[in-house]
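I opened this model to look up its open spaces, its ligand and a few single residues. My entries follow in the order of looking.

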Amino acid sequence: MSNALRNDDFDVAVVGGGLVGAAIAYGLGRVGSRVVVLDEGDMAIRASRANFALVWVQSKGLGMPEYAGWTVASAKKWPTLADELKREVKLDVHLQQPGGFHIALSEEELERRANTLKRFHNQAGVAQYPTEILRRDQVMKYLPEIGPDVVGGSYCPLDGHVNSLKLFRALHAAIAGQGATYLPGHAVSAIDRGGRAFRVRAGSRTVTAGKVVLAAGNANRHLAPMVGLKAPMKPERGQIVVTERVKPFLKYPVVTIRQTDEGTVMLGDSKEEGTDPAGLNLEISSVIASRAVRTFPLLGKLNVVRSWRGIRVMPADGFPIYEQSETHPGAFVVTCHSGVTLAAGHALTLAPMIHAGRLAEEVSAFSARRFDVQEVA
Ligand SMILES: Cc1cc2nc3c(=O)[nH]c(=O)nc-3n(C[C@H](O)[C@H](O)[C@H](O)COP(=O)(O)OP(=O)(O)OC[C@H]3O[C@@H](n4cnc5c(N)ncnc54)[C@H](O)[C@@H]3O)c2cc1C
């Protein structure tokens, strides 16, 4: 019997079960699609298990103003997603959006930060939202534990954080609850179109679906051309250090320091070119730790309990790629950095567009066609 003759006909096959694929699958199930998620599996390199868990807005979109609007919209939809997940699968993802800080440890850093924000807000058509440059005494009102080296920082009231591992778990539980089929250990190796359906092959198994969504992180680079799409990626390494638990002292997340709902403090996160997740660069860990201790001296008394290196899913220009194939209508690619921040946008806005078979004007700036322009230029 051919594998394709099994009961494998779905409305949508989502390739990749990380935070992006899981959010899209959840959003599709929510509006009535019958979904299968094919996932390479738990041992795959997953940004979704290695991230810093910020739901972050400030200055995102420098160089692409539409990304700022998309990020703000997702941050504003996040409470809806968190509430829905709590109701449906009884898991609290610990969303907190009290606002967040970039800290400056010198006048020069503060001036650089102010210039970045100025350039950001001066972009034509950019979503405007409040960001403030605060001096040390003003920062101290929010973050009383700062050390003497802190000269100030920037604050944005839209910033926040979650427990991203609980988010990952909650999305998968919600997908299962919707009746979606999750196939771990199914690395997709080929996709083609047979009549009106896509045939998605993973090992000896073939599933058929009316639509296919490529949400396989950096692997989208290789999968996209199978359906006439393109996803140029430039993966990046990032390193994170985690301390032992301590009683709550940090009410507001800082872009590189946040206290988790469980009491640990996460410090990070660096950026290095490369795709090798193995090993840790101790020099980087030491820079991360030393800046963190200068920011909050009390961290110097805590033991480090964990440290890891992860690979960021990163489109070549740093901005999301959302596109439907012209040659293979019904095939979509969805890939981005900041899959935690954008989870609500993916589930509640982008997935319904995919369900309807058309990406709306709102996301047209994220087409991969922008890379054609860059190549010609
Ligand atoms: C150090 C670090 C810090 C970060 N901090 C933040 C942050 O604070 N806030 C934020 O919003 N984002 C952050 N991110 C980014 C965020 O984690 C990612 O954007 C998000 O996890 C990407 O999810 P993904 O599903 O695209 O990719 P991944 O999690 O990498 O998942 C890809 C999935 O595709 C599957 N796959 C691959 N190839 C195939 C195939 N051929 N067939 C089937 N399945 C396949 C894999 O098994 C995997 O499950 C951070 C990332 C890192 C590394």
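Entry 1, terms. I searched a 1 Å grid over the protein atoms alone, where a pocket is an open set of points that a 1.4 Å probe fits, with protein on both sides within 12 Å along at least five of seven lines, and lining residues have an atom within 4 Å of a point. Grid points are joined across faces, edges and corners, and a volume is the space filled by probe spheres set on the points. The model is predicted, so I kept local features at pLDDT of at least 70 and side-chain atom pairs at pLDDT 80 or more, while totals for chains, interfaces and linings use all residues. Residues are numbered from 1 along each chain as its sequence is written, and side-chain values use heavy atoms, without hydrogens and water.

I looked up the second largest pocket and noted a volume of about 240 Å³. Its lining has 17 residues, and Asn163, Leu165, Arg258, Met266 and Trp308 lie nearest the centre. Which elements each supply at least two residues of this lining? I found α5 (164-178) and β16 (304-312). Helices (H or I, at least four residues) and strands (E, at least two) are DSSP runs, numbered from the N terminus. I sorted the lining of this pocket into seven nonpolar, five polar and five charged residues. In this sorting Ala, Val, Leu, Ile, Met, Phe, Trp, Tyr, Cys and Pro are nonpolar, Asp, Glu, Lys and Arg are charged, and the others, Gly among them, are polar.

I counted 39 residues around the ligand, with Asp39, Arg46, Ser48, Val188 and Gly339 coming nearest; a residue counts if one of its heavy atoms lies within 4 Å. By class, this shell holds 20 nonpolar, 14 polar and five charged residues. The elements α1 (19-30), β12 (236-243) and β16 each give the shell at least two residues. The largest share, three residues, comes from β16.

I then listed polar contacts, which are pairs of N or O atoms within 3.5 Å; within protein, one must be able to donate a hydrogen and the other to accept it, and residues adjacent in sequence count only if both atoms are side-chain atoms. A polar backbone atom of Val188 is 2.8 Å from a nitrogen atom of the ligand. An oxygen atom of the ligand lies 3.2 Å from a backbone N or O atom of Ser338. For Asn51, a side-chain N or O atom is 3.3 Å from a ligand oxygen atom. Taken alone the ligand exposes 1,000 Å², and the protein buries 96% of that.

I found Asp39 in the loop between β2 (35-38) and β3 (54-55). Is Asp39 buried or exposed? Asp39 counts as buried because its relative accessible area is 5%, where buried means under 20%, exposed over 50% and partly exposed in between (1.4 Å probe, protein chains only).

Ser59 is not a glycine, yet its phi is positive, about 65 degrees. I placed Ser59 in the loop between β3 and α2 (65-89), and at 15% relative accessibility Ser59 counts as buried. Lys90, also other than glycine, has a positive phi near 60 degrees. Lys90 sits in the loop between α2 and β4 and is exposed, with a relative accessible area of 67%.

I noted Ala104 in strand β4 (residues 100-104), buried at a relative accessible area of 3%.

Terms used
Areas by Shrake-Rupley, 256 points an atom, 1.4 Å probe, with all protein chains shown as cover.
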